[in-house]
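Student: I have a model open and would like to learn how to read it. Could you walk me through a few features?
Tutor: Gladly; let us bring it up and go step by step.

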Amino acid sequence: MAASDQDMASGLWSGADGSDADARPQLGPRQRWARRKAILQQAAVLLLVATLAVLLVRNTVANLQARGLASGFDFLWQEAGFKMAFSLIAVEPTSTYGRVFLAGLLNSLLVAAISIVATTILGFIIGLARVSPSTPVRLVARGYVEVVRNLPLLLHLLLWQTVILRSLPTVREAIGFGDVAFLSNRGLYLPAPVAGGAAAILTAAVMAGLAAIVVGCVVRRRARARGETPPRFGLALVAGGLVGNAAAISTLDWQIPMLAGFDYRGGLKLMPEFVSLVAALIIYNAAFIAEIVRAGVQSVGRGQKEAALALGLSSKLILRLVIVPQALRVMIPPLANQYTHLIKASALATVVGFPDLVNVFLGTSLNQTGRAVEIVLITAFVYLTLSASVALATSAYARRVKLVER
Amino acid sequence: MSVNATIAVRSLSKWYGSWRALRDISLDIAGGTCTVLCGPSGSGKSTLLRCLNGLEEWQQGEVAIGGVAVGYKARELRRLRRDVGMVFQHFNLFPHLTVLDNVTLAPRIVRGRRRGESEDHAMHLLERVGVAEHAGKLSSALSGGQQQRVAIARALAMQPHVLLFDEPTSALDPESVKEVLDVMIDLARSGTTMVVVTHEMGFARRVAGRVIFMDKGSIVETGAPDEFFDCPCTDRAKAFLGDIVNR
Ligand SMILES: Nc1ncnc2c1ncn2[C@@H]1O[C@H](COP(=O)(O)OP(=O)(O)O)[C@@H](O)[C@H]1O
Ligand SMILES: [Mg+2]
């Protein structure tokens, strides 16, 4: 390294392989130095972290052995012996801890997915209301934001739990939504598709349909980016995918919840704990997303709106076609932040007794097996992976909508 | 141009808070002519221009374009603005859209044109202003002069009866100024009704039918370009012309 530095300084290097004077060198001296420095720094940090990790693991393992405690991940294949109050996959007392982990993870993902989609929609509505030209609309939106975001999330959660558990009617007097969905103090009952024998074929068909739509959209977008008229088969792919999926979904048998004895049977039953957890997450995070949306909209210069007005566009269309697409670029990093926050906050499920990953794995499973290190590691890994996925997805989107700045 | 593109302003006054930006302006502009508005900074040129397409509201007086009063209801304003294009000092292109989409957006959305049809028209206009080879780029990737020519194409795509220009060249380097002015001269010669806020004397002499000189919110002097620039009648116009020549 030192030798090549000297070569560079004395100019021998550039003479040695600089036969073509116009050829751009791969890297300039400063870039080369920066790269070398970065590699050295990263190696040092990596070494430090690895040493600490090895020490920590060896120490823990030694301690556990000294106290006669078992360690290792074999417990994942052992029988857990408990039931979960709610799960998307069947969990019996004979199921393994591995299956409990999977069921808890799916529950956490369900809460996060529903909450993120709904809170984004609600947050956008309130954020756009914050910048509405109508004073009453603005005031209502502002009131929502100021009240909701200044109360602790835990308070929201307990409020919703008591509201839902105490004030909803009993099963016999359940509130019906068009005789297909019902709400009672035992939970929310929704129609659910029945997975018959053709479930696998149907899933494959829907996937193929989605793939066709995506490919069609990409083909059209590419063509337009090149300034060509999009080829007809792009549109055909999108239309075919949509029609195919609609057909596939229409062949599904929907099971509608029916009152049988003291409870509804059939369909999907969402327990009140789930409803209150999701409601609290949606409402609380929407207040923050509303502020992100407002800041984003206000970051778009006045000239943009004026130019669009001067072309004869209506305020609604200006918002949708000109303001929001530009505001999104500013909103992506804080939105990603908010989504990560929501995913982590969903672990408050334990407070209302909803069996999410933390509740069944970090809670019950850890208590029963005593494999603290393993379970904490797995759970931490799951949350880090989820946060990283949010970061990856949002930065991919950010790259797609990035502008060339001059 | 067959359409009625006359502009009539009657006793127009506008206040920003307690500051009176326009004082009792009356003005008639015939269709198919090019009118240049000039005057010192802060004299109310932009304000007057922006009243013509209803971007500003005013307290007294009336404005009519093609015999139709410029109203205050959103629907009336949208209908008016379809036929009155505007070009801004800082271009105000939509930076998240390609050059082509900038030009086709309003024809597709507001006039309901099909994409293919509006893209053909847009390419023709981009050709005319000399930026056709950049059609697929994001508009923010273009140089200032190129952006301003796209902005002109964007306004033209709506096939407006009247075009308003607010200092279209004052944010540009000298070479770009010439490119943009060439496009505007071409437009004026083809008989587009234009109202142009500019201090470009060369442009005014070549294509303007009339120069209007404003100061402190009033019209101080109007005249044919050669008369106005060679021997202005008022002291204020003399002082102003002295300033821009000596700059
Ligand atoms: N939004 C506004 N609020 C308050 N005063 C304004 C506003 N816009 C313009 N003015 C004032 O009105 C006067 C005329 O402005 P303008 O029409 O932009 O002048 P010009 O375009 O001739 O330079 C100036 O004194 C300016 O300070
Ligand atoms: Mg101005």
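Student: Which residues of chain B does the UniProt annotation "domain: ABC transporter" cover?
Tutor: According to the unreviewed UniProt entry, that annotation covers residues 7-241 of chain B. UniProt positions are given in the numbering used here, feature names are shortened, and annotations may be inferred rather than shown by experiment. This is a predicted model, where local features need pLDDT of at least 70, side-chain atom pairs count only at pLDDT 80 or more, and totals for chains, interfaces and linings use all residues. Residues are numbered from 1 along each chain as its sequence is written, chains are lettered from A and ligands numbered from 1 in the order in which they are written, and side-chain values use heavy atoms, leaving out hydrogens and water.

Student: How much helix and strand is there over residues 7-241 of chain B?
Tutor: Helices (H or I, at least four residues) and strands (E, at least two) are DSSP runs, numbered from the N terminus. Over residues 7-241, chain B is 39% helix and 26% strand, with its end C-alpha atoms 27 Å apart.

Student: In which sense do strand 1 and strand 2 of chain B pair?
Tutor: Two strands pair if DSSP finds at least two bridges between them. Strand 1 (residues 7-16) and strand 2 (residues 19-29) of chain B are antiparallel, with seven bridges; B:K14, for example, has B:L22 as its bridge partner in strand 2. Two residues separate the strands of this hairpin, and B:G17 has a positive phi near 60°. Strand 1 of chain B also runs antiparallel to strand 4 (residues 60-65) of chain B, through five bridges, and B:A8 stands opposite B:A64 there.

Student: Is B:F213 buried or exposed?
Tutor: Buried means under 20% relative accessible area, exposed over 50%, partly exposed in between (1.4 Å probe, protein chains only). B:F213 is buried at 0%, and B:F240 is buried at 7%.
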